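Please look through the sequence and the structure below before reading on.

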Amino acid sequence: MKNTLLILTTIIAIQMSFSQQESAFGNGEWFKFKMSYSGFLKAGNATLTVKDTKLNNKDVYHVVGKGWTTGMIKWFFKVKDRYESYFDKNTIMPYKFVRNIDEGGHTKDIEIDFDQTNHKAHVNNKKHNKKTVIDTKPNIQDMVSTFYYLRNNLDTNNLKPGDEVRVDMFFDEENYGFKLQYLGEEILNTDFGDVESLKFRPYVMAGRVFKEEESLTLWVSKDKNKVPLRIKADLAVGSLRADLEAFKGLKHPFKIVVR
């Protein structure tokens, strides 16, 4: 149950390669996910919302990701997470990132301002009242923008099982080399019917939350939207599954397999 939104955005998330011409998403897109623990116990919900806004007189997308526990689980382990990313509407480069989480008493309250010109991350750790400036890689992404950046640049025609894509991502207060492997195609049974999907393995840091680097599996729709349909995670204790429960504001038609 830990790092609910990390799972989504590395639901959480994520996708790949480079040269899709049309944008995969736009203003008003909204996803809701239902989460279950160890295959049967309702664990919580998560949402991702995209809206147009301005930041320092720049036109940007503002994405808000929320995750929270529900039902019996919240009485034993309460989660309330909020992630925000402000990124350029054309380049998908992030300008600002917010992470405010409470996971069973484990809390973080971090704001990051990215200087994409000088390759710096200005980190404000509000919980510890600490400000730092850290060098970043060119074209650095944050946890949330990574999902939209890769989703928007996925060239599905040239993907082969085993192909890997790497992205430089900034996580909390350090640079992180994010890697995603393509596993192939699959017809996925969802709440909306059978959907053609692309299957991926986002590599994560083994340790407190995940069993090993290969603990995550992600399915996204094989269409122009690249909708995140499902993610499964093997945790240090038990397993977590997130399934798309509702959506609106898709930019392209959502295709169901008719048998």
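What follows is a short walk through the structure, from overall make-up to selected residues.

The model is predicted. The protein has 3 helices and 14 strands. Of its 259 residues, 53% are buried. The protein exposes about 12,100 Å², and 46% of that area comes from carbon and sulfur atoms.

One place to begin on the surface is a nonpolar patch formed by Met-72, Trp-75 and Phe-76, which together have about 500 Å² of accessible area. Phe-76 belongs to helix α2, residues 73–76. Phe-76 counts as exposed because its relative accessibility is 69%, and the cut-off for exposed is over 50%.

Charged side chains come next. The count of salt bridges is 19. In one of them, Glu-111 meets Lys-96 at 3.2 Å, N to O. This pair links distant parts of the chain, with Glu-111 in strand β6 (residues 106–115) and Lys-96 in strand β5 (residues 94–103), 15 residues apart. Lys-96 also forms a salt bridge with Asp-113, at 3.4 Å from N to O. Since Lys-96 lies in strand β5 and Asp-113 in strand β6, that pair ties together parts 17 residues apart in sequence. Lys-96 counts as buried, with 15% relative accessibility, whereas Asp-113 is partly exposed at 35%.

A further salt bridge joins Glu-185 and Lys-222, whose closest N and O atoms are 3.0 Å apart. Glu-185 is in strand β10 and Lys-222 in the loop between β12 and β13, so the pair ties together parts that are 37 residues apart in sequence. Glu-185 is exposed, with a relative accessible area of 53%, and Lys-222 is partly exposed, with 32%. Elsewhere, salt bridges that share partners join Lys-96, Glu-111, Asp-113 and Lys-126 into one network.

Two aspartates in loops complete the walk. Asp-172 sits in the loop between β9 (164–171) and β10 (174–190). Asp-172 counts as buried because its relative accessibility is 9%, and buried means under 20%. The side chain of Asp-172 makes a polar contact of 2.7 Å with that of Arg-99 and another of 2.6 Å with that of Lys-108.

Asp-223 is found in the loop between β12 (216–221) and β13 (228–234). Leaving aside neighbours within four places in sequence, Asp-223 is in contact with Pro-253, Phe-254 and Lys-255.

Key:
Residues are numbered from 1 along each chain as its sequence is written. This is a predicted model: local features need pLDDT of at least 70, side-chain atom pairs count only at pLDDT 80 or more; totals for chains, interfaces and linings use all residues. Side-chain values use heavy atoms; hydrogens and water are left out. Helices (H or I, at least four residues) and strands (E, at least two) are DSSP runs, numbered from the N terminus. Contact means heavy atoms within 4.5 Å. Patches are made of residues with over 30% relative accessible area and no salt bridge: like charges are joined within 9 Å, nonpolar side chains (Val, Leu, Ile, Met, Phe, Trp, Tyr) within 5 Å. Accessible areas come from the Shrake-Rupley method with a 1.4 Å probe; for residues, only the protein chains shown count as cover. A salt bridge is a side-chain nitrogen of Lys or Arg within 4 Å of a carboxyl oxygen of Asp or Glu. Buried means under 20% relative accessible area, exposed over 50%, partly exposed in between (1.4 Å probe, protein chains only). A polar contact is a pair of N or O atoms within 3.5 Å; within protein, one must be able to donate a hydrogen and the other to accept it, and residues adjacent in sequence count only if both atoms are side-chain atoms.
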